[in-house]
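Hi everyone, thanks for coming.

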Amino acid sequence: MIYNLIFVALFLLGFYPIFMSNSLIKMVIGLNIMESSVFFWAISMSSNKGLLPIIESGVAEGIYTDPVPQALVLTGIVIGASTTALLLTLVIELNKLTGTIKPDEVKGLGD
Amino acid sequence: MNTEILLLILIPITTAFLIPLIDLINLGFRKGVVITAGIVESLISLHILIKYYEPIRAGTFSLKYHLGGWYPPFGINLFMDNLALLFSTLVSLSLLLIIIYSIGFIGHHEGKYYVLLFLMLGALQGTILTGDIFNLYVFIELLTLTSSPLVAFKRNQDGTEAAIKYMFYKVIAGLLFFIGVILVYLNLGSLNMAEIASNFGQITPEMQLVIIGFFLTSILIKSGIFPFIYWMPKAYSAGPSSVSALLSGILSKVYIYIFIRLFWIVFDFSLITEAGLSRFIVYLAIVSGLIGHILALQADDIKRMLSFSSVGHIGLIIAVLFLNTTAGIYAGLLHVVSHLIMKSSLFVGTGYLLQFTPSHKIDDLGGVAYKNNGVFVGFIIASMGMIGIPPLIGFVSKWFILLAFLEEKLYLGIVLVIGGSLTAVIYYFRYIYQGYKRMEVGEPKKERHVLKIFYREKVVTSIIHVFVSLVLLFGIFYKIFDLPLRLAAQNIMDPSNYIKMILGG
């Protein structure tokens, strides 16, 4: 339950700068926080659930953490890193072309 | 195990990574490699069509490949049925035309362009063929990552802004999709689409709605339906024309394919109907279509006009698909084919014509028809198709859409089809009139790439003529699409067949 609350709080915290901030860099950071909150939630939901992974004989039975969500989150982190890198590249490019990173000052981002 | 469908994904991705190496050896080889890869990809598609002609006709066609030898429900599997075959063949054949067009069209940073283009082709095929929902997520993100640099490819302010906006929408949609995937896994313990489809009824009804809500919002954002249309026109118009044709013609159709795959086959469509969501989406899509056509009227930039018209047509396709009748699905699939051909031909034609003008604005287009009349006539034929003039393919698909709406007595949909055609008459004729105005055409802008070499001009114009003749030929012989579309619609309406083909066999 507490994990769910943290997830929602972090998600909204990431959502806020995307709409309210006046800096593209902060918007990218907000997107990153959103991604991290989703990954955190995915891991927390799947830990100590007792779902047995494929275990060799001779290993003690007990509650195990499901490994599949970890693999999914790892892939998600890689994708998140590459989208962030691409977005930051585009922001740098925009800064070179217009000399600003404020979305209000760039005419084309509004329409 | 059928290796053909693995090759459909592997060949473009391998080519993408080979291109930088080949550039190190000799820049002259690149064109040959690019064309060869495109042709090989199309040949594999045609090979599948010819080799399995009998099972395709019988409707029992299925090709499977299990990656790493892990059988479903454990490993990742690739799967092709009649629906996937239709989209996969369309993608590989139209991509071949666009690759050849690009050879005559893209004049700078060609190596990077082809790397992105081939990665995107691989991702498109992967999205169509995969049978694993997480793998689908990865391929969708790969589509976003490869298409946004293509949008920003001109390295000007417009393109960069469009790409940033595009990325924000798509990344948030991707996150929602990821949450959906995780929810499915936590509830069912499986990521295989057939396994999910057969066990989806075991989840509690509330959870089912939550999962469907996440996936639906995600794909609605990705395909650009009403509240989320604002990234679309700019992204489609900012890139080079070949990229616009690719995004508006092909990529948007693949998102429609994901729609169909997820909501008809993986999740039971009756769940969406029971929640009252299907009618809601029909109306949302109709509103989106009307907005697209109205905004196309006021656009005074030719590529922006074409992009807004795309918004209108995507709305139309989704509205008619979500009627969930056989006639509706048939009509929607037919419009997918016809919009793909017509919009691609309009964009490639525009890309050629714009080299003679100082800007994309309508006032600068005066007299452009006298520069190359053949291409401009092609542009006119394709736009007639968009309007829906009888012998062309646009008329056929709009006719079937009209019939599907009439069958459901959904009069707002009929307003969209007819109103869309009428507004299309106005906005296309504005440009055609401008094209034939006798006026001095201004000098091309300095930084824009102008086609200098003669044979490249020949390549570009011949591709435009191929596209336009397809618009004409398929309009007259639209019956050749009758069988594949009916078989694909049959696949869509009968999801249990999909489960049986993957899990039990």
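One term before we start: pLDDT is the predictor's confidence in each residue, on a scale from 0 to 100. We need it here, as what you see is a predicted model.

So how does chain B score? Its mean pLDDT is 88, with 96% of its residues at 70 or more. There is one stretch to keep an eye on: over residues 449–454 of chain B the pLDDT falls below 50, and beyond near neighbours in sequence this stretch has 9 contacts in the model. Chain A has a mean pLDDT of 84, and 83% of its residues reach 70 or more. Among the elements of chain A, helix H3, residues 67–98, has the highest mean at 92, while helix H1, residues 2–20, has the lowest at 90. For the model as a whole, ipTM is 0.93 and pTM is 0.93.

Now let's see where the two chains meet. On the chain B side 30 residues are in contact, and on the chain A side 38. Together the chains bury about 3100 Å², and carbon and sulfur atoms give 83% of that area. Which three residues of chain B supply more of its buried area than any other three? They are B:Ile164, B:Phe168 and B:Leu175, with 19% of what chain B buries against chain A.

Next, let's go inside chain B and look at helix packing. Two packed helices are described by the angle between their axes and the distance between the axes.

Please find helix H11 of chain B, residues 241–266, and then helix H9, residues 205–223. Their axes are 10 Å apart, at an angle of about 165 degrees. Anything over 145 counts as roughly antiparallel, so that is what H9(B) is to H11(B). The crossing is left-handed. From H9(B) the contact includes B:Ile212, B:Phe215 and B:Leu216, and from H11(B) it includes B:Tyr255, B:Phe259 and B:Leu262. By class, we have 10 nonpolar residues, 1 polar and 1 charged.

H11(B) also packs with helix H5 of chain B, residues 110–129, at about 20 degrees and with the axes 10 Å apart. Since angles under 35 degrees count as roughly parallel, H5(B) is roughly parallel to H11(B). This crossing is left-handed too. Among the residues that meet are B:Tyr113, B:Leu117 and B:Met120 of H5(B), and B:Leu246, B:Ile250 and B:Tyr257 of H11(B). The contact has 13 nonpolar and 2 polar residues, and no charged ones.

One last pair: helix H15, residues 326–353, and helix H20, residues 482–493, both in chain B. Their axes come within 9 Å and cross at roughly 125 degrees, which makes H15(B) oblique to H20(B). Here the crossing is right-handed. H15(B) brings residues including B:Ile329, B:Tyr330 and B:Leu333, and H20(B) brings, among others, B:Asp482, B:Arg486 and B:Ile492. In total this contact divides into 9 nonpolar, 1 polar and 2 charged residues.

Key: Residues are numbered from 1 along each chain as its sequence is written. Chains are lettered from A and ligands numbered from 1 in the order in which they are written. This is a predicted model: local features need pLDDT of at least 70, side-chain atom pairs count only at pLDDT 80 or more; totals for chains, interfaces and linings use all residues. Side-chain values use heavy atoms; hydrogens and water are left out. Axes are lines fitted to C-alpha atoms, for helices over the stretch in contact, and angles run from 0 to 180 degrees between N-to-C directions. Helices (H or I, at least four residues) and strands (E, at least two) are DSSP runs, numbered from the N terminus. Angles under 35 degrees count as roughly parallel, over 145 as roughly antiparallel, 65 to 115 as roughly perpendicular and the rest as oblique. A crossing is left-handed if the near helix is turned anticlockwise from the far one by less than a right angle, and right-handed if clockwise. Contact means heavy atoms within 4.5 Å. Ala, Val, Leu, Ile, Met, Phe, Trp, Tyr, Cys and Pro count as nonpolar, Asp, Glu, Lys and Arg as charged, and the others, Gly among them, as polar. Buried area is the accessible area (1.4 Å probe) that two parts lose on being put together, summed over both.
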